[in-house]
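Okay, thanks for having me. Let me put the sequence and the model up, and then I'll walk you through a few parts of the fold.

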Amino acid sequence: MPHASALDPAVVAAIDDLELAARLVVEGLRAGPHRSPLHGFSTEFSQHRPYRPGDDFRHLDWKLLARTDRLYSRQFRETTNLSTALVLDASGSMAFPDSGISKFRYGVVIAAALAYLLIDRGDRAGLMSSTGERVTYLPTRGGPSHLRAMLAQLQRLTPGGGVDLPRMIARAAELLTRPGLMFVLSDFYDAEEETQRELRRARMRGHDVSAIQLISPAELSFEYRGTTEFEDLETAARRLVDPRKTAAAYRQAIAGFLDGWQTSARRDGIDYVRLVTDQPPASFLRAYLLQRASRATGHAAG
Amino acid sequence: MTWLNPLAWIGLAAIAIPVAVHLLARFRAPRVRFPTLRFLELTQSPAVQRSRPTDLLLLAVRVGIVAAAAGALARPVWLTHARSAARSGIARAIVIDAGTDATAAATERAQSPELRSGASSVRLIEARRIADGLRAAGAWLRQSGGTREVAVLSDFRIGAMTRDDLDLLNPDIGVRLVSIDRQKEEAFDRPPLQFDKHRLSIHVVADPDVTTADWMSSRTSETAPPPLIRMAPAQRQAIEAAVAAGIAEAGVDSPWPSIEIVWPGAPERPVRAAALQTIDRAWMFDTIERLGRASVLQSIARQMTGELSAPVNRSTTIVRTAAGAPVLQAGRIDAGATPTLTLFPATPNPLLAAAIVSGLLRTSRADPGDPSAHETKTIAPEELLRWQRPAGPAVANPGSTDSDGRWLWLVALVLLGVEAWMRRDRLKTVVEEHSRVA
């Protein structure tokens, strides 16, 4: 089976079977010469176990080696019944672009991979999404049947209309009965201030909040030529624009928007990831989880 | 410029078609469904025209095609100096009554500035009978454009013409009747009449009040030479009898012009036929024209059903049967000092012989039997005034193919090529832009 990291995101996203796609992504995380990033979710030390080839050397307990002349790896809270809420933006803007892999499909694959990863490890995961006025909620549970239910629900989602993302975040934070993980996957175009406020509130509740901002290459580069009529995917408003005259200002504006989100997230202690949809999903997850693992190791060492 | 078919300009209404196509099929920018317009607002892009400048140019070209086609159908005529002169001037036919002693004066009057001024084209027609002249004038004027007019120069003696003769002209042709004064007194000699050995000479004096005739009879030993008639020996007796009957019937023994009759079977007929030329003398035309109108000849032609001899080349058919077979043909033979009008009857029918001779006698150029030539009374001036009428509006030359529409067709053709090129180029540009956006 080819490794997910070697698979083009469009190929992964084109796989109709979401469970298969999620599995490919997760397997891609395990593959490769580098250390596995799958130990990075928790920041708490849980137990020792004998060293196995392939374990991250950073997790070797050197003190115990000195005392016992035996190699032991430290394990952190990887399977301690962690509850995770996956909040997925299914508004109309996520349906961009029309051709190739949309931000929404990409987000679905990431959400599916995360759900797969978490539930497969014995944790619990739930889903909160909204298509227009209709809110989709699956409570945090574990087990293979719940995973299938989540994947099936993700598969049924269709982007369109507007979304009340702040409300979804607030609700998801309430439904996590104890501090857990929250992943918010969105482009964050709408209700910026309110969204940032709810993310801060979720953080203040003790949840580990990650804001994954999805953006497509076309939105960044704005490589349009000639007079073009742009239609808002959510409001259906139209504007006739000459891109030759507006491209530079647009790029500057969107770069400022994205940087603003990054700054705001860091300020609020929220994990921020900007995910361009031309990246392979496994590569993103690997980098992200390694980053979290590094932080966890650093905290544990401290 | 003028237009031979101005109603064709109604076709300009077709300009609505390319205008409608332009409004309905205006260039549409490619539409892209975009996540948000918020960053596009900030750019404050200027208003962008929906239409490209080339669309208006394409519309102008299409309108030009329709306008050029409508103009070509309207048959324009660029009025050059010559054309303007032809249209604005007057086409005038001047009919000179040649059946009167006032002919010379009429001919001189026809050259006067009064009858020449304002005329862009003039045709002089001499006619023994005014009706014949009007007929020829009408035929010529029907081929002319502009304002058309006939001027008749005559002494308008009673019998010279009637009001009905003017019906030979189109109603829009103007009529001017110019009276030519004639001598109040005129004296002439009728050709002498020969009765066996008696010659009768008559001297006539015509006066508006009294016409007198003095005659003198004299005895002579000479007999007037009969017309030269060539015939087969077997036909001699019958022909001579018929000629005698014709002379007796006509009652006139006038000098014959150079006329000969060559009957079928005459030994000289092949030679004479081989020497035949086409008729080109005015008196010959007059003779055969009057001979052709002779009712006796027409009657005989209608009755003829028997086989006729073969027609002769270079001759003019004077009388035909109902089926079109020639009964009497005539041509010219140049032998001797005077050309001869040679008649070729198709059959040696004695009745035909008598009719020909009788008709010839009546058509003699010096025809003294026509009394109207010396009539002293004239048609009243008030009557002539009522017969006159002004010319109608100028008309275009009906047979003229002088329209300059072909240049407008050429313009339309060139514009069609330009339109096709512009349309292809525009489509290519739109396709390229759509490809980039996709």
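What we have here is a predicted model, where local features need pLDDT of at least 70 and side-chain atom pairs count only at pLDDT 80 or more, while totals for chains, interfaces and linings use all residues. Residues are numbered from 1 along each chain as its sequence is written, chains are lettered from A and ligands numbered from 1 in the order in which they are written, and side-chain values use heavy atoms, with hydrogens and water left out.

So, A:M94. This residue sits in the loop between β3 and α4 of chain A. Is A:M94 buried or exposed? Buried, with a relative accessible area of 0%; by the cut-offs, buried is under 20% relative accessible area, exposed is over 50%, and partly exposed is in between, with a 1.4 Å probe and protein chains only. Leaving out residues up to four places away in sequence, A:M94 touches a set including A:D89, A:F104, A:L185 and A:L214, where contact means heavy atoms within 4.5 Å. A:M94 is also 7.9 Å from A:G160, C-alpha to C-alpha, though 66 residues separate the two in sequence.

Now the sheet in chain A. There are 6 strands in an open sheet, ordered β5-β4-β3-β6-β7-β10, with mixed pairing; two strands pair if DSSP finds at least two bridges between them. β5 (134-141) and β10 (271-276) of chain A are at the edges with a single partner strand each, so one side of each has no neighbour in the sheet. From one strand to the next the twist averages 15 degrees. Strands β3 (residues 83-89) and β4 (residues 124-131) of chain A run parallel, joined by 7 bridges, and A:L88 is opposite A:S129 in β4(A).

On to the helices. α4(A) packs on that sheet, and its direction makes about 170 degrees with that of β3(A). For all these angles, axes are lines fitted to C-alpha atoms, for helices over the stretch in contact, and angles run from 0 to 180 degrees between N-to-C directions. Of the 18 residues in α4(A), 17 are buried. Its length checks out too: 18 residues, 103-120, at 1.5 Å a residue should span 26 Å, and the end C-alpha atoms are 25 Å apart, which agrees. The expected span is 1.5 Å times one less than the number of residues. Just past α4(A), A:G122 has a positive phi of about 95 degrees.

What does α4(A) do next to α5 (residues 144-156) of chain A? Their axes come within 10 Å and cross at roughly 175 degrees, which means α4(A) is roughly antiparallel to α5(A). Angles under 35 degrees count as roughly parallel, over 145 as roughly antiparallel, 65 to 115 as roughly perpendicular and the rest as oblique. Among the residues making that contact are A:V108 and A:A115 of α4(A), and A:L147 and A:L151 of α5(A).

Last stop: chain B. Strand β8 (residues 228-232) of chain A pairs with β2(B) in the parallel sense over 4 bridges, and A:D232 has B:F34 as its bridge partner. In β2 (residues 31-34) of chain B, B:V32 and B:F34 make up the covered face, while B:R31 and B:R33 are on the uncovered one.

Note on methods:
Helices (H or I, at least four residues) and strands (E, at least two) are DSSP runs, numbered from the N terminus.
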